Amino acid sequence: MQKKLVVLTGAGMSAESGIATFRDSGGLWDQYPVEQVATPEGFEADPELVLNFYNMRRRELLKAKPNEGHIGLVGLESHFDVTIITQNIDNLHEQAGSKKVLHLHGELMKARSTGDESLIYDIDPQQCDIRLGDLCGKGFQLRPHIVWFGEAVPMIQEAEEITRRADIFVIIGTSMNVYPAAGLLQDVRKNVPVYLIDPKDVFTSRYDIHHIQKKASEGVRELKKMLFRNSY
Ligand code: OAD
């Protein structure tokens, strides 16, 4: 049976595809106050500002392509049972061809009803934007299908279960600042090898992490070599 390889990805995974990270200098939270654009209170105060923020993100995504890191992870599927848990709202893992992707923080290419959260719609790339006055089937305003700060993270339980079953755990391009996503590391069993791909130091609760201090594309290449060398 194939070993279960679980990958937790963050904004750094998509940086080489031209998508801005959040907390690096010049990152999104430097340019836009997080409480204005990524909280329910921000949306209540100025829905148009928030819709436009995500409309911009969506336009940026429509121009982006998966990078070698995304593609390298797909290649691992011929050797491992790979599940990706991503904090990213882009769909670049899916575009690259990854089969199992769980989105913790929602999906940019989906819209959701503000009045009935079970009503979720795919966004047509041709239309692209969500505007004030765009309504769900029940007549409520649509919003981005994104988990904002202060909101529950509906997929976290499933992510924890997947993480507990991991035989190998890999973290790519996340500052591990945002919970509950960062807390997944605590669900990794003790004897399971953990790899981290990030050009910078990342503070985590585990001391036995193999840090591949590279960007995602080069880091995934290096990871593959290490996994095969250790013949997992
Ligand atoms: P951050 O912006 O906090 O962290 C990005 C990480 O990627 C940093 O550790 C960088 O060093 C690393 N990085 C930068 N370029 C890289 C590259 N080319 N290859 C690999 N790593 C690179 O982003 P996240 O940790 O993903 O949530 O942020 C977590 C959550 O906070 C996001 O999902 C978002 C944000 O607020 C919501 O909006 C709910």
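Me: How far does a polar side-chain atom of Ser175 lie from an oxygen atom of the ligand?
Reply: The distance is 2.5 Å for Ser175; a polar contact is a pair of N or O atoms within 3.5 Å. This is a predicted model, in which local features need pLDDT of at least 70, side-chain atom pairs count only at pLDDT 80 or more, and totals for chains, interfaces and linings use all residues. Residues are numbered from 1 along each chain as its sequence is written, and side-chain values use heavy atoms, without hydrogens and water.

Me: What about Thr174 and Trp29?
Reply: An N or O atom in the side chain of Thr174 is 2.7 Å from an oxygen atom of the ligand. For a polar side-chain atom of Trp29, the distance to a ligand oxygen is 2.8 Å.

Me: Which residues come nearest to the ligand?
Reply: Of the 23 residues around the ligand, they are Phe22, His105, Thr174, Ser175 and Asp198; a residue counts if one of its heavy atoms lies within 4 Å.

Me: Where does the ligand lie relative to the domains, and why?
Reply: It lies between domain 1 (1-19 + 67-105 + 154-232) and domain 2 (20-63 + 111-146), because both give residues to its shell. The domain bounds come from an automatic or database assignment.

Me: Changing topic, what volume does the second largest pocket have?
Reply: Its volume is about 380 Å³. On a 1 Å grid over the protein atoms alone, a pocket is an open set of points where a 1.4 Å probe fits, with protein on both sides within 12 Å along at least five of seven lines; lining residues have an atom within 4 Å of a point. The volume is the space filled by probe spheres set on the points, which are joined across faces, edges and corners.

Me: Which peptide bond is cis?
Reply: The bond joining Tyr179 and Pro180 is cis, with omega about 10°.

Notes. Polar contact = N/O pair within 3.5 Å; in protein donor to acceptor, adjacent residues only side chain to side chain.
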